[in-house]
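Hi,

Here is the structure I said I would pass on.

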Amino acid sequence: MREIPEYALFEVREPQSHTIPFVYNSPHSGRIYPPEFIAQSRLQGMAIRRSEDHYVDELFGEASALGAPLLLANFPRAYLDVNREPYELDPRMFDGLLPSYANINSLRVAGGLGTIPRIVAENMEIYSRRLPVQEGLDRIEAVYKPYHAALRRLIARTHVQFGFGVLIDCHSMPGNVRVAGASVRPDVIIGDRYGTSASAELSRTAVGIFEELGFNAIRNKPYAGGFITEHYGRPSRGLHALQIEVNRSIYVDEVTLEKRADFPLIAAAITSFMRQMADYVAQFAGDSALAAE
């Protein structure tokens with residue numbers, strides 16, 4: 001197996017005491033780029049960073065202070081994407097045959113955004129040459145599987161401790177995102193896989209809180225939630241998963257990647273959102289719409 005990067009691939013920021021039935025997850029905000037990966041890439045500097053969910057780990061950074069663990073990736077999404085099935089792989093990227101269990105026909109693979117991405121935003125090809133198949137499989141073993149093992153442990157612990165749990169999967173979206181038929185750009189999109197990954201009450205509450213905080217918030221369009229939301233959301237078992245996409249143009253310059261002056265205000269608003277969500281769940285914790293019967 002190839003050497004994994006010489007840094008902590010991810011970290012869990014634990015609360016002093018786990019007092020609310022939430023787990024926060026930031027899988028795409030990693031910004032430590034392995035030198036070997038950079039050497040393989042035709043992209044350098046800002047270009048390779050276009051797929052990052054810039055500073056989302058900081059926007060949701062008060063989760064642990066509010067009583068919930070925060071899992072965050074340090075590796076970049078361009079290196080490996082944990083918000084995919086474990087083996088969504090593009091055979092055009094690799095020298096050699098992929099294993100028979102690889103999903104080579106998904107829409108995400110076709111778009112260049114599989115578990116080992118082929119492109120970053122704006123359809124820029126990452127690699128200057130094909131990768132050995134074994135390297136892709138090694139990344140999955142060394143990075144993907146430990147990350148999901150950590151996430152599963154946090155969710156299971158929460159479920160056991162509280163009898164139910166809420167996973168908030170934290171992301172950002174490009175500033176040019178528009179919704180068909182809407183005249184105003186969305187600031188926040190709440191994804192619940194069209195009602196299958198979380199209760200409707202929880203989703204509507206999340207949208208309502210953001211609206212009261214002054215954001216233009218909508219549900220599911222064009223982002224309904226990725227693999228993590230779909231895979232871990234089981235409302236019938238009392239496990240709810242919401243994906244939150246924050247429009248990154250409201251808090252970062254998308255060209256220079258520098259934080260805007262009002263970054264602290266956006267972060268404070270998101271902290272308020274997290275606090276209000278915890279208050280709502282505490283109030284309705286016994287409701288069968290949240291806790292499975």
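**What I found**

Let's start with a lysine and its rings: the charged end of K259 sits over the ring of Y55, 5.0 Å from the ring centre. K259 also lies over the face of F263, where the distance to the ring centre is 4.8 Å. Before you read on, keep in mind that this is a predicted model.

**The sheet**

The seven strands of the open sheet come in the order β1-β3-β2-β8-β11-β9-β10, and the pairing is mixed. β1 and β10 are the edge strands, each with a single partner, so one side of each has no neighbour in the sheet. On average, neighbouring strands are turned by 20° against each other, direction ignored.

Helix α5 (residues 133–162) packs on this sheet and touches β1, β2, β3, β8 and β11. The direction of α5 makes about 165° with that of β2. Then there is α8, which lies across β2, β8 and β11 and runs at about 150° to β2.

As for who pairs with whom, β2 and β8 are parallel, over four bridges, and N25 has D169 in β8 as its bridge partner. β8 and β11 are parallel too, with nine bridges; here L167 is partnered by A241 in β11. β9 and β11, on the other hand, run antiparallel and are joined by four bridges, with I189 standing opposite E245 in β11.

How many of the residues of β8 are buried? Nine of its nine. Both faces of β8 are covered: G165, L167, D169, H171 and M173 are buried on one side, and V166, I168, C170 and S172 on the other.

**Helix α6**

I checked the length of α6 (residues 200–212). At 1.5 Å a residue, its 13 residues should span 18 Å, and the end C-alpha atoms are 18 Å apart, so the two agree. The buried residues of α6 are L202, S203, T205, A206, V207, I209 and F210. After α6 comes G214, which has a positive phi near 100°.

**Aromatic pairs**

The whole structure has 12 aromatic pairs. One of them is Y33 with F37: the ring centres are 6.4 Å apart and the planes are at 15°, so this pair is stacked. Y33 counts as buried at 17% relative accessibility, and F37 does at 1%.

F37 also pairs with Y127, this time edge-to-face, at 5.9 Å centre to centre and with 65° between the planes. F37 lies in helix α1 (residues 35–40) and Y127 in the loop between β6 and β7, so this pair ties together parts that are 90 residues apart in sequence. Both F37 and Y127 are buried. Y33, F37, Y79 and Y127 form one aromatic cluster.

Most residues other than glycine have a negative phi, and most peptide bonds are trans. Here are the places I noted with that in mind.

- Y194 is not a glycine, yet its phi is positive, about 55°. Y194 lies in the loop between β9 and α6 and is exposed, with a relative accessible area of 55%.
- L257 has a positive phi as well, near 65°. Its place is the loop between β11 and α8. Is L257 buried or exposed? L257 is buried, at a relative accessible area of 3%.
- The peptide bond from K221 to P222 is cis, with omega near 0°. P222 belongs to the loop between β10 and α7 (227–232).

The last item is Q16, in the loop between β1 and β2. Q16 is exposed, with a relative accessible area of 87%. From Q16 to A68 there are 52 residues in sequence, while their C-alpha atoms are 9.0 Å apart in space.

Cheers

Conventions: Residues numbered from 1 in each chain as written. Predicted model: local features only at pLDDT ≥ 70, side-chain atom pairs only at ≥ 80, totals over all residues. Heavy atoms only, no water. Helix = DSSP H or I, 4+ residues; strand = E, 2+ residues; numbered from the N terminus. Expected span 1.5 Å × (residues − 1). Buried < 20%, exposed > 50% of the residue type's maximum accessible area, 1.4 Å probe, protein only. Pairing = 2+ DSSP bridges. Axes fitted to C-alpha atoms, helices over the stretch in contact; angles between N-to-C directions. Contact = heavy atoms within 4.5 Å. Phe/Tyr/Trp six-rings, centres within 6.5 Å; stacked < 30°, edge-to-face > 60°. Lys NZ or Arg CZ within 6 Å of the ring centre and 35° of its normal.
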